[in-house]
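We will go stop by stop, selecting as we go.

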Amino acid sequence: MSVEKQLEEFNFKFVTNFDVSRLQDIVSKFDSEWDLDTSRQTKSIHHSKTISYHILWYPLMWEPGQEYIPSVICQDEEILHHVSSIVLQLENKYMGRAGRVTLVNLPSRKLVTPHRDRSIYSKVINRIHVPIITNEDVYFSVEDETINMKPGEAWEVNNAKLHGAYNLGDSPRVHLMVDIINNDLIGDKEYI
């Protein structure tokens with residue numbers, strides 16, 4: 001993945017389908033879990049309407065050639081089990097390691113304002129969205145292309161281009177967002 005990802009031809013790439021039924025059951029019962037870490041929505045004006053549940057955390061200040069040192073944030077073994085199988089398949093497909101892995105809740109009648117991700121980390125990772133809970137009135141746009149992602153569909157999104165999300169429905173939208181860092185970009189090959 002080049003640092004010039006915004007110049008690449010794609011907006012969205014369909015990756016595969018995952019069975020997310022068990023994750024749907026778990027996430028649909030979330031309440032105080034959404035309040036464990038509000039840093040993503042408080043630090044970003046674009047994501048101020050979202051609610052996040054962090055599973056694996058990785059510094060945005062990372063640059064190619066640096067060590068791979070993620071932090072496992074999630075302590076729920078069942079969530080880790082179900083998410084790990086998705087992450088492992090994506091790591092194998094993209095020949096890399098997971099950076100940030102987050103459940104992102106976009107509540108009913110809210111939006112993620114259009115923006116471009118500008119950090120070096122954001123420009124070199126493969127960002128994959130997997131809808132866990134969604135509805136027919138949820139839209140994801142990259143540049144002039146808009147799609148409605150179905151539960152379990154994995155989509156790579158070109159986050160270096162202008163992108164945003166809109167939940168016009170009456171129920172929340174929860175995506176599993178997985179960032180994959182290509183192995184060739186990682187300096188220290190010792191993984192946790």
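At the start of H3, which backbone nitrogen does a side-chain oxygen of aspartate 76 reach to? Select aspartate 76 and glutamate 78. The side-chain oxygen of aspartate 76 comes to within 2.9 Å of the backbone nitrogen of glutamate 78. That is a polar contact: a pair of N or O atoms within 3.5 Å, where within protein one must be able to donate a hydrogen and the other to accept it, and residues adjacent in sequence count only if both atoms are side-chain atoms.

**Ground rules**

This is a predicted model, in which local features need pLDDT of at least 70 and side-chain atom pairs count only at pLDDT 80 or more, while totals for chains, interfaces and linings use all residues. Residues are numbered from 1 along each chain as its sequence is written, and side-chain values use heavy atoms, with hydrogens and water left out.

**The whole chain**

Colour by secondary structure. The chain has 4 helices and 11 strands. Helices (H or I, at least four residues) and strands (E, at least two) are DSSP runs, numbered from the N terminus. Of the 192 residues, 52% are buried. Buried means under 20% relative accessible area, exposed means over 50%, and partly exposed lies in between (1.4 Å probe, protein chains only). Now think about contacts, meaning heavy atoms within 4.5 Å. Among contacts between residues at least 6 apart in sequence, 77% join residues at least 24 apart.

**Along helix H3**

Select residues 77-94. This is helix H3. Its 18 residues should span 26 Å at 1.5 Å a residue, and the end C-alpha atoms are 25 Å apart, so the two agree. The expected span is 1.5 Å times one less than the number of residues.

Stop at serine 84. H3 bends there by about 30°. The bend is the angle between axes fitted to the seven residues ending at a residue and the seven starting there.

Which residues of H3 are buried? Show Ile79, Leu80, Val83, Ile86, Val87, Leu90, Glu91 and Tyr94: these are buried. An α-helix has 3.6 residues a turn, so residues three or four places apart point the same way.

Step off the end to methionine 95. This residue follows H3 and lies in the loop between H3 and E4. Methionine 95 counts as exposed because its relative accessibility is 57%.

**The sheet**

Now select the strands. Seven of them form an open sheet in the order E1-E9-E6-E11-E4-E2-E3, with antiparallel pairing. The edge strands are E1 (12-17) and E3 (71-72), and each pairs on one side only. Two strands pair if DSSP finds at least two bridges between them. Strands of a sheet pair through backbone hydrogen bonds, either parallel or antiparallel.

Show leucine 56, which stands opposite valine 72 in E3.

Next, pick strand E9 (153-157). Of its 5 residues, 5 are buried. Glu153, Trp155 and Val157 point one way, while Ala154 and Glu156 point the other way. E9 pairs with E1 over 5 bridges, and threonine 16 stands opposite alanine 154. E9 also pairs with E6, over 3 bridges. Here arginine 127 has valine 157 as its bridge partner.

**Helices against strands**

Bring H3 back into view. H3 lies across E1, E2, E3, E4, E6, E9 and E11, running at about 45° to E11. Axes are lines fitted to C-alpha atoms, for helices over the stretch in contact, and angles run from 0 to 180 degrees between N-to-C directions.

**Two last stops**

Select proline 151, in the loop between E8 (145-147) and E9. Proline 151 counts as partly exposed because its relative accessibility is 40%. Leaving aside neighbours within four places in sequence, proline 151 is in contact with Val20, Gln24, Pro131, Ile132 and Thr134.

Finish at serine 122, in helix H4 (residues 120-124). Is serine 122 buried or exposed? Serine 122 is buried, because its relative accessible area is 5%. Show Lys5, Leu60, Asp117 and Asn159 too: serine 122 touches them, not counting residues up to four places away in sequence.
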